[in-house]
Amino acid sequence: MGVVPSREAQGRVAGDGVELAFGFWPGRGQPIVALHGITASYVNFVGIAERLAGRRPLLALDLRGRGGSDKPEGGPYGMSQHARDVAAAMAAFGLDDCVVVGHSMGAFVAAALAAEHPDRVTGVMMVDGGLPLTAPPGVDPVALLDVVLGPQLARLRQEFPSREAYHDYWRPLPAFPAEVWGPWVHAYLDYDLGGTAPRLRPRASEAAIRADYLDTLDADLLRKRLAAIEVPVTLLTAEEGFYPGQPPLYPDALVQAESAAMARFAHQRVSPTTHYTIALADHGATVCADALVAFAEQCGK
């Protein structure tokens, strides 16, 4: 299989009026384009990239407002804007007809890309995201945002004296159980911080997170996008929710109802995983990588 580098190539590429940071892991064939979740970065895919082991190249982008990408103060943000950024970045790399994989919010961006820039996409893999999750009737979406993303938003406002202190902040939290701590989680957390010690802060923009979260609550628009996708779509869902013991974000009944408009759709439940460990723990990353290789072959890429 050859030697697979342990570190990705890093750089910046033009988006739609911004520059996006990226990581690129080489491999054989057409690159797979990877899009991360709402508070994450391209390093969310480090485990999947390693488990691909050169079977496919992987180009993972920092979406605007995150990681090393530009963070325009007044936006715009939203799924269509991210899709325009990704389409522009793909054009800069000379890429079209790619399989696109999105985790969490990245799956919503992948759906927008496939619906609004169909020449760029030959297949969509959504990982625990991409289908409408609407606010309960009578609940103010802004209030819901502060409940669902409250801890993440509070974290963005904190400063940390060192990367080790940031690791210590995360260790007691249920997102990454002790058994999954290792080089992938360390790389993800280390990249998450910007600034200079002892005043390190998470790099995601709160304004971007707020705007993007509200955009994902427009269920009618999301359904129109899904119905407009003409390429194959595969959804991988975690067995549990954000944390161990929680019900899944996408129970089977919801998946069946919300996927009905897509002509070519497949679903796989990945157990035992949560919303986080489906990408950043060994079992989840292995399943995702193997599924991506098989899906790319199915899509003729």
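A residue is called buried when its relative accessible area is under 20%, exposed when over 50%, and partly exposed in between, using a 1.4 Å probe and protein chains only. Keep that in mind for what follows.

What you see above is a predicted model, where local features need pLDDT of at least 70 and side-chain atom pairs count only at pLDDT 80 or more, while totals for chains, interfaces and linings use all residues. Residues are numbered from 1 along each chain as its sequence is written, and side-chain values use heavy atoms, with hydrogens and water left out.

I start with the whole chain. The protein chain has twelve helices and ten strands; these are DSSP runs numbered from the N terminus, with helices (H or I) of at least four residues and strands (E) of at least two. Its C-alpha atoms fill a box of roughly 55 × 50 × 40 Å along the principal axes. Of the 301 residues, 54% count as buried. Contact means heavy atoms within 4.5 Å. Among contacts between residues at least 6 apart in sequence, 75% join residues at least 24 apart.

Now two single residues. Is Thr122 buried or exposed? Thr122 has a relative accessible area of 14%, so it is buried. This residue belongs to strand E6, residues 121-127. Leaving out residues up to four places away in sequence, Thr122 touches Asp97, Cys98, Val99, Val231, Pro232, Cys299 and Lys301.

Leu200 sits in strand E8, residues 199-202. Its relative accessible area is 2%, and therefore Leu200 is buried too. Again without residues up to four places away in sequence, the residues that Leu200 touches include Phe160, Arg163 and Leu193. Leu200 and Phe160 are 40 residues apart in sequence, yet their C-alpha atoms are 5.0 Å apart in space.

Arg163 brings us to a helix pair. At what angle do helix H6 and helix H7 pack? H6 (residues 163-170) and H7 (residues 183-192) pack at about 115°, and their axes are 10 Å apart. Those axes are lines fitted to C-alpha atoms over the stretch in contact, and angles run from 0 to 180 degrees between N-to-C directions. From H6, the contact uses Arg163, Tyr166, His167 and Trp170; from H7, His186, Leu189, Asp190 and Asp192. By class, that makes three nonpolar, two polar and three charged residues. Here Ala, Val, Leu, Ile, Met, Phe, Trp, Tyr, Cys and Pro count as nonpolar, Asp, Glu, Lys and Arg as charged, and the others, Gly among them, as polar.
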